[in-house]
Amino acid sequence: MSKTTTPVIELKDLKRRFGVGDAEHYALDGVDLTVQKGEFIAIMGPSGCGKTTLLNIIGLLDRPTDGEYVLDGKNVEDVSNARHAKVRARQIGFVFQNFNLVERLNVIENVALPLTYSGLSHLKRLERASAMLKNFHLGEREYYMPWQLSGGQTQRVAIARALVNDPSIILADEPTGNLDSKSSHVIMEELNEVHKKGNTIIMVTHNPNLTTYASRVITMLDGKIDSDTQTITTEEKAEKKKPTSKRPLNKATSVSKPKKAKATKAKKKTTTKKAKGATK
Amino acid sequence: MIGSMLLDHYRTAKHSLERARARTLLTISGISIGVASITTILALSGGISSIVTKQVDSVGENLAVVRPLTQQASLADLNNPIAQNAYTTSPLTEDDLATIRSLPETELAAPLMTISASIRFNDERPTYSTLVATSPELAEINQLELQDGQFIDSVTLQNTAVIGAQLSIDLFGTEQSIGRTFQIRGQTFTVIGILTRINQPVNFNAIDFDYAAIIGFDSGKLFNNSVAQVQQINILTKPGTNMQQYKQTLTKELARRHDNQQDSIVLVGKEIAESNSQFFDLITVSFSSIAGIALFVGGIGIMNIMLVGISERTREIGLRKAVGASNGTIMMQFIIESLIISILGGLMGYILGYFVAFVISMFIPYDPLLSWEIAAIAAGLSIGVGALFGLYPAWRAARKDPIESLRRYH
């Protein structure tokens with residue numbers, strides 16, 4: 001399905017410092033992480049442990065103070081901001097907790113927004129956005145304004161927007177943080193579908209229930225990776241070559257929670273049905 | 001690629017400007033007032049210059065004019081709009097005229113001597129009239145045509161005059177006034193010719209011939225204690241004369257005769273029109289600077305509104321950056337937005353400016369000038385203002401941190 005020889009993301013001793021003098025602190029204090037193509041990673045951890053900072057750096061919105069970041073085999077350290085923007089336009093899709101749709105643009109224009117920066121013609125962009133919206137069962141909502149949508153619909157539009165430029169990585173910062181549990185599971189199902197198609201997803205979440213969708217769960221503490229667990233739950237993942245992290249991780253203590261995973265597997269299937277019912 | 005990018009920027013800008021319609025319109029009107037005032041001023045002052053230029057052109061390239069060298073026009077002249085040399089003694093003398101006539105290249109030369117004297121018929125006194133003493137050559141040099149009678153010549157009597165068509169009407173109530181008499185400083189003059197109406201109140205002689213009474217040079221001197229007081233000498237050179245060379249020769253010759261004092265100036269070709277409109281130039285410059293201030297204020301208006309818009313759209317900027325907009329792209333987007341405001345303002349201002357100019361021209365004796373230069377200046381100014389005052393807000397927008405911007409709620 002995909003070549004797992006070169007990891008999509010390789011972080012080596014990544015550090016990010018904020019503040020100066022007395023107020024100086026490290027939001028990231030030496031993170032080593034290797035992400036293979038097709039992984040669905042959930043990052044957990046208490047507030048202020050550096051999850052979002054990590055996601056911002058992976059998404060090239062921020063630069064590390066120290067350390068190395070290799071994206072698709074290329075070190076992005078010494079690449080200009082303009083090149084970063086280009087990488088964001090082509091390889092990275094963002095999903096935010098507060099959706100961040102542009103209020104004055106309608107649904108299809110919002111979805112087509114990332115394509116503006118990839119040099120496609122206006123018509124092509126709308127066509128692709130429209131096709132993407134159909135995938136998310138939002139075909140009839142194309143000309144709605146963002147405020148006319150429910151929270152779940154809004155987030156699905158946001159996911160469609162993140163996917164429209166066919167990125168290699170999708171970064172989701174608490175995508176379900178503003179949604180009720182029912183909508184949350186719908187969104188997670190959608191993300192799971194996206195993942196099944198071979199996309200790499202890195203998701204920050206506070207909700208432990210959602211980690212069941214992930215193929216790998218990372219917990220962070222004080223700017224460091226606390227635990228890193230592979231959780232293979234579904235048959236698709238079993239088919240796939242098992243992604244292995246090549247580097248020994250900081251405290252690679254595998255937190256085993258197979259029981260929980262199995263327990264939620266059954267639950268997940270039911271929610272899938274529910275979700276499909278909800279979207280129809 | 002760049003074209004489609006610009007189109008996208010245009011689309012985005014249009015969208016956001018339409019959303020804040022009232023705000024956009026107010027900003028546009030700010031710019032348009034500035035551009036309108038500049039357009040009006042340039043159109044009107046251009047109208048004056050073009051009249052004089054056209055006259056000089058029609059007289060031909062062999063025209064030269066000698067004037068006393070007066071001080072450059074200064075702001076003080078705005079208080080004192082009578083010609084600077086009106087009460088001073090002109091350095092030009094009859095001898096100078098003789099010198100000019102003696103030059104081999106000179107075909108014809110005529111002095112112009114304006115005399116301040118009231119013209120009256122019985123107790124009727126026209127509101128506006130000019131008394132000019134000159135020599136018969138003037139008719140040919142200035143291509144003055146007569147609708148009736150004859151021009152003054154060497155054999156006409158001293159107490160005869162040629163008058164402008166409008167003066168004839170003002171004095172006698174008719175254009176048929178040959179043989180009628182009128183008084184200048186108590187002396188009686190007989191009308192021997194009526195000038196064809198030319199309707200050129202602004203010209204390089206600073207005399208409105210429609211309102212002028214022209215008398216012989218010798219008669220004129222009698223009103224001035226028999227001393228010539230020459231304000232200007234009009235010269236027609238022989239065909240094929242090198243005018244620049246003629247100018248040099250004449251300048252040198254006149255200086256030599258005036259103890260090497262440079263107290264007169266020889267003008268040829270286009271210079272004739274330019275120096276005559278010095279006073280108007282002054283008005284143009286002062287009014288243009290006021291208009292410039294209006295434009296500057298309009299520009300600040302653009303900057304202000306752009307900054308407001310950018311701060312309102314902080315999250316959108318953050319999002320655009322997150323989905324792949326580079327700093328340059330964001331900057332371009334906002335510069336284009338301010339350009340749209342300023343270009344629309346410029347267009348409106350240009351139209352408004354000409355409207356005002358045409359309204360004003362109903363009350364003054366000349367028409368505004370329609371030329372591509374004025375359009376280019378209006379366009380250049382509005383684009384310049386848009387780009388200049390859009391630059392800082394656009395730069396502010398471009399360097400917004402996407403993480404900070406996305407975190408903001410409002």
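Is N100(A) buried or exposed? N100(A) is buried, at 4% relative accessibility, where buried means under 20% relative accessible area, exposed over 50% and partly exposed in between (1.4 Å probe, protein chains only). This is a predicted model, in which local features need pLDDT of at least 70 and side-chain atom pairs count only at pLDDT 80 or more, while totals for chains, interfaces and linings use all residues. Residues are numbered from 1 along each chain as its sequence is written, chains are lettered from A and ligands numbered from 1 in the order in which they are written, and side-chain values use heavy atoms, with hydrogens and water left out.

**Positive phi in chain A**
- N100(A), although not a glycine, has a positive phi of about 55 degrees; N100(A) sits in the loop between strand 6 (92-95) and helix 3 (107-112). Helices (H or I, at least four residues) and strands (E, at least two) are DSSP runs, numbered from the N terminus.
- H137(A), also not a glycine, has a positive phi of about 55 degrees and belongs to the loop between helix 4 (122-135) and helix 5 (151-163).
- H137(A) counts as partly exposed because its relative accessibility is 47%.

**A buried alanine in chain B**
- A213(B) is part of strand 9 (residues 212-216) and is buried, with a relative accessible area of 0%.
- A213(B) and G164(B) are 49 residues apart in sequence, yet 6.4 Å apart in space, C-alpha to C-alpha.
- Leaving aside neighbours within four places in sequence, A213(B) is in contact with residues including I119(B), V132(B), L167(B) and F182(B); contact means heavy atoms within 4.5 Å.
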